[in-house]
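Visitor: I'd like to look around this protein with you. Can you walk me through what's going on inside?

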Amino acid sequence: MSKHIGIVAVSAEGAALCYRTICAEGREWLGPYGHPQVTMHTFSFQDYMSEFAARRWSAVAKLLLASAERLKLAGAQLLICPDNTVHEAFGHLPPGSPLPWLHIAEEVAAVAARHGYQQLGILGTRSLME
């Protein structure tokens, strides 16, 4: 049986792409109509944007953890946050997250190493790119 995935959504674009990818890729392992159980939580994007603008990464981390707690209560077993910019806040998460996280940068680095890629491109917000 597959794990119940919790999407910690920030932007609608990132969350929609993540959900769509999970469902599309699920077919490979779970059959033509199969995908893992998925639950998503998001606060208003405005809540995140005010913290991004002020570069208050600890406040962003608190929002992420609040979503994580809700997703745990919903039965999720692992978390994905499909928004590159938010990963700046991962260094501000206190120890003891309620669930394990799949970290975008770590997963991309592992795949790149496996394929022997030496250079990668990244797309992101102005904040991420700076």
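Visitor: Is C18 buried or exposed?
Guide: Keep in mind that this is a predicted model. Buried means under 20% relative accessible area. C18 comes in at 11%, so C18 counts as buried.

Visitor: And C81, buried or exposed?
Guide: Same cut-off: under 20% is buried. C81 sits at 0% relative accessibility, so C81 is buried.

Visitor: How many disulfides does the structure hold?
Guide: A disulfide is a covalent bond between the sulfur atoms of two cysteines. For a pair to count, the sulfurs must be within 2.5 Å. The closest cysteine sulfur to that of C81 belongs to C18, and at 8.8 Å that's too far for a bond. The number of disulfides in the structure is 0.

Visitor: Which element gives the largest share of the largest nonpolar core?
Guide: That core has 22 residues, and Y48, V60, L64, C81 and W101 have the most contacts inside it. Two elements give two or more residues to this core, α2 (45–54) and α3 (57–73). The largest share, 8 residues, comes from α3.

Visitor: What does Y48 touch, leaving out residues up to four places away in sequence?
Guide: Y48 is among the residues with the most contacts inside the largest core. Leaving out those sequence neighbours, Y48 touches A9, V10, F43, V60, L63, L64 and S67.

Visitor: Which helix gives the largest share of the lining of the second largest pocket?
Guide: This pocket holds about 290 Å³ of space. Its lining has 14 residues, with N84, I104, A105, V108 and I122 nearest the centre. By type, the lining divides into 8 nonpolar, 5 polar and 1 charged. The largest share, 4 residues, comes from helix α4.

Conventions. Residues numbered from 1 in each chain as written. Predicted model: local features only at pLDDT ≥ 70, side-chain atom pairs only at ≥ 80, totals over all residues. Heavy atoms only, no water. 1 Å grid on protein atoms, 1.4 Å probe; cavity = no way out; pocket = protein on both sides within 12 Å on 5 of 7 lines; lining within 4 Å. Points joined across faces, edges and corners; volume = space filled by probe spheres on them. Nonpolar A, V, L, I, M, F, W, Y, C, P; charged D, E, K, R; others polar. Buried < 20%, exposed > 50% of the residue type's maximum accessible area, 1.4 Å probe, protein only. Core = buried A, V, L, I, M, F, W, Y, C linked by side-chain atoms within 4.5 Å. Contact = heavy atoms within 4.5 Å.
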